Amino acid sequence: MPDRPAYLRIADTLREGIRDGSLPQGARLPTMAELCDIHGVSEIVVRQAVALLRQQGLVETRRGGGTVVRVVPPARRVAMDRYRAVTRPMAVPETTFTRDQRITWEEYRLDKEFTRVRADDDLGALFELPTGTELLRRRFVFYARGEPQQISVNFLPWDLVGDTPVSDPGREPWPGGTLAQLAYLGHPPTRVEEAVRSRMPTPEEAEALRMTGGVPVLAITRRMLAGAGVMEVCRDIVLPADRVVLDYSIDL
């Protein structure tokens with residue numbers, strides 16, 4: 001069996017250092033010249049190895065700062081309890097996102113885009129409403145401490161939210177988020193359903209979330225119900241997979 005290409009062997013060595021902690025998050029990799037000397041290869045080979053690690057989301061190259069191991073402090077998304085927490089009285093403004101990210105209201109901001117659309121077949125099925133039903137579409141990019149961390153595209157029936165403060169983008173961010181908005185409208189959710197899948201990001205998602213190449217996203221489709229009625233559909237909540245941990249607990 002022929003030897004593996006030199007750039008793969010160098011990438012393996014650096015990757016192992018990242019995984020075992022000898023190259024911790026934020027640490028600078030050896031310079032190109034140092035890596036060439038260590039491995040006895042040309043700069044072109046070293047560049048191939050570093051490019052591979054960059055594609056895998058393990059390192060990033062900073063202008064004037066060399067190549068460093070990416071710092072990725074994961075947020076914890078506690079799936080079973082996160083919605084219950086923000087339905088309780090709040091001493092300070094918060095949402096499920098600010099709780100996940102452990103940030104204050106001042107460290108939180110949103111980019112938002114509101115449009116009026118009609119349900120396609122898929123949305124109609126999720127809402128259990130006829131195709132063509134008018135909906136409010138809201139696309140949010142969530143920022144924590146100035147960094148984009150999540151995209152959410154959610155839909156609400158227009159006959160529920162039209163001509164209410166919930167359809168006004170100027171009212172965002174709304175303390176308590178969608179849960180509080182539905183309660184304000186007189187339909188507090190009694191059930192939340194989520195389906196989680198993984199995929200690669202679209203180019204637009206990767207750009208909006210400032211993602212490096214090779215990192216997948218978790219895409220969560222959510223429904224909020226009040227009794228038997230579907231009040232909200234989120235298609236999708238998009239999270240870089242290397243920035244979040246999904247925690248589940250089930251009482252038996």
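Tutor: Start with a term: a residue counts as buried when its relative accessible area is under 20%. Keep that cut-off in mind. The model here is a predicted one.

Now the helix pair. Two packed helices are described by the angle between their axes and the distance between the axes. Take helix 2, residues 32-39, and helix 3, residues 43-55. Their axes come within 9 Å. They cross at roughly 105°. That angle makes helix 2 roughly perpendicular to helix 3, because 65 to 115 degrees counts as roughly perpendicular.

Which residues make the contact? Helix 2 gives M32, L35 and C36. Helix 3 gives E43, V46, R47 and V50. By type, five of the contact residues are nonpolar and two are charged. None is polar.

What about disulfides? A disulfide is a covalent bond between the sulfur atoms of two cysteines. The structure holds zero of them.

Now step back to the whole chain. The protein chain has nine helices and 10 strands. Of its 252 residues, 44% count as buried. The C-alpha trace spans about 70 × 45 × 40 Å along its principal axes. Among contacts between residues at least 6 apart in sequence, 63% join residues at least 24 apart. The accessible surface of the chain comes to about 13600 Å². Carbon and sulfur atoms account for 52% of that surface.

Definitions and conventions:
Residues numbered from 1 in each chain as written. Predicted model: local features only at pLDDT ≥ 70, side-chain atom pairs only at ≥ 80, totals over all residues. Heavy atoms only, no water. Axes fitted to C-alpha atoms, helices over the stretch in contact; angles between N-to-C directions. Helix = DSSP H or I, 4+ residues; strand = E, 2+ residues; numbered from the N terminus. Parallel < 35°, antiparallel > 145°, perpendicular 65-115°, else oblique. Contact = heavy atoms within 4.5 Å. Nonpolar A, V, L, I, M, F, W, Y, C, P; charged D, E, K, R; others polar. Buried < 20%, exposed > 50% of the residue type's maximum accessible area, 1.4 Å probe, protein only. Areas by Shrake-Rupley, 256 points an atom, 1.4 Å probe, with all protein chains shown as cover. Disulfide = S-S within 2.5 Å.
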